[in-house]
Amino acid sequence: MSAIQPRIPWQRVASMLWFPVFFAIGLPLTFETAFHQPTPHNVPIAVVGNPDQVRLVTGALDRARAGGFEVRTSPSAMVAVAAVRGRTAAAASVAGSSGTLYTARAASAIRASYLQGVFTRIATERGTQPVRVVDLVPLASGDGGTGIFFFVFPLMMAGLITAIVLLQLPTWGIGGRVIVVAAVGAIGALAAYLTVVEVYGQLMVGAAPLLKQYFLPVSLTAALILSVPSSGGTVPPDLLPGLFRDLSYALPLARGVKITRSIAYFHGAGIAQATLVMGVWAAVAVGAVVAASLRRPSGARTAAASHSLSLLNPKTAGSEPAPTTT
């Protein structure tokens with residue numbers, strides 16, 4: 001006689017469905033908030049010219065977007081160009097008969113195009129010739145501007161997915177899990193491996209036993225809802241809304257994107273702060289792994305791995321499956 005499946009209470013169904021519903025709302029909401037209309041916020045612009053020329057550029061930028069730009073007077077074109085190459089300025093405007101705008105599309109193709117449009121409108125309003133645009137650091141062949149993001153983000157997710165898959169091996173200790181994440185990360189390129197896969201992957205290995213049934217919601221919220229919009233991989237931080245702009249200076253994915261882009265295009269310029277943040281996250285990951293290993297003996301069965309359902313449903317964490325009726 002075939003087994004009769006017990007009826008599942010609607011409360012239990014609702015407690016399970018909150019997870020996909022949360023992401024159905026959270027992902028499009030955060031992505032649209034961050035990406036639908038990039039707006040400048042204190043974008044640094046180096047300006048070369050006499051006081052009257054600098055004042056004209058400053059006023060025109062304020063009219064284009066009040067508070068959107070931070071004008072910095074440079075003593076020479078050489079200094080202004082060095083600021084763009086060193087990633088301390090988004091662009092450099094050098095006054096002249098028609099003017100020249102120096103940008104770096106490798107830093108952000110979206111921002112470079114946006115700034116070119118702004119200075120073109122300024123020239124039109126003033127009745128002068130359009131500015132001459134010089135791309136100091138062009139993108140590599142085949143990179144449309146998002147290549148760095150789609151290189152780093154999958155590697156971060158590889159660390160997270162490895163940590164999730166290892167939940168299906170409940171008898172494995174923390175040490176074995178750490179080694180597996182390290183081996184998976186080694187498949188990636190060295191820069192992204194050290195900055196993204198290892199930091200995030202090892203952090204999730206340590207966090208899984210500590211967060212228990214809340215591991216998947218917390219880890220995926222951090223990886224997708226918060227990290228992707230703030231990563232700076234598609235839209236630079238100074239064009240993002242306040243929350244995501246602030247997160248970009250703190251979350252590992254955003255710092256990993258900046259480090260990788262700086263190494264790939266800017267000879268390592270401007271990575272000191274990003275490297276420091278990644279070091280802090282690495283220390284947090286080590287602390288999480290140590291705390292998890294101290295809480296449970298190596299090889300202990302974790303509540304998160306006993307039933308995959310318990311990862312999504314706090315009410316069923318640690319419970320046994322309901323018996324069937326024959």
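Met156 sits in helix α5 (residues 149-165), where helices are DSSP runs of H or I with at least four residues, strands are E runs of at least two, and numbering goes from the N terminus. Met156 is buried, at a relative accessible area of 1%; buried means under 20%, with a 1.4 Å probe and protein chains only. Its C-alpha atom is 8.1 Å from that of Glu198, a residue 42 positions away along the chain.

A word on the source: this is a predicted model, with local features needing pLDDT of at least 70, side-chain atom pairs counting only at pLDDT 80 or more, and totals for chains, interfaces and linings using all residues. Residues are numbered from 1 along each chain as its sequence is written, and side-chain values use heavy atoms, leaving out hydrogens and water.

Now for a helix pair. Helices α2 and α4 pack at about 110 degrees, with axes 10 Å apart. That makes α2 roughly perpendicular to α4, a label for angles of 65 to 115 degrees. Axes here are lines fitted to C-alpha atoms over the stretch in contact, and angles run from 0 to 180 degrees between N-to-C directions. Here's who meets whom, with contact meaning heavy atoms within 4.5 Å:

| Helix | Residues in contact |
|---|---|
| α2 (residues 51-64) | Leu56, Val57, Ala60, Leu61, Ala64 |
| α4 (residues 109-126) | Val118, Phe119, Ile122, Arg126 |

Zooming out, the protein has 12 helices and 5 strands. Buried residues make up 45% of its 326 residues. Of the contacts with a separation of 6 or more, 73% join residues 24 or more positions apart.

Terms used
Parallel < 35°, antiparallel > 145°, perpendicular 65-115°, else oblique. Buried < 20%, exposed > 50% of the residue type's maximum accessible area, 1.4 Å probe, protein only.
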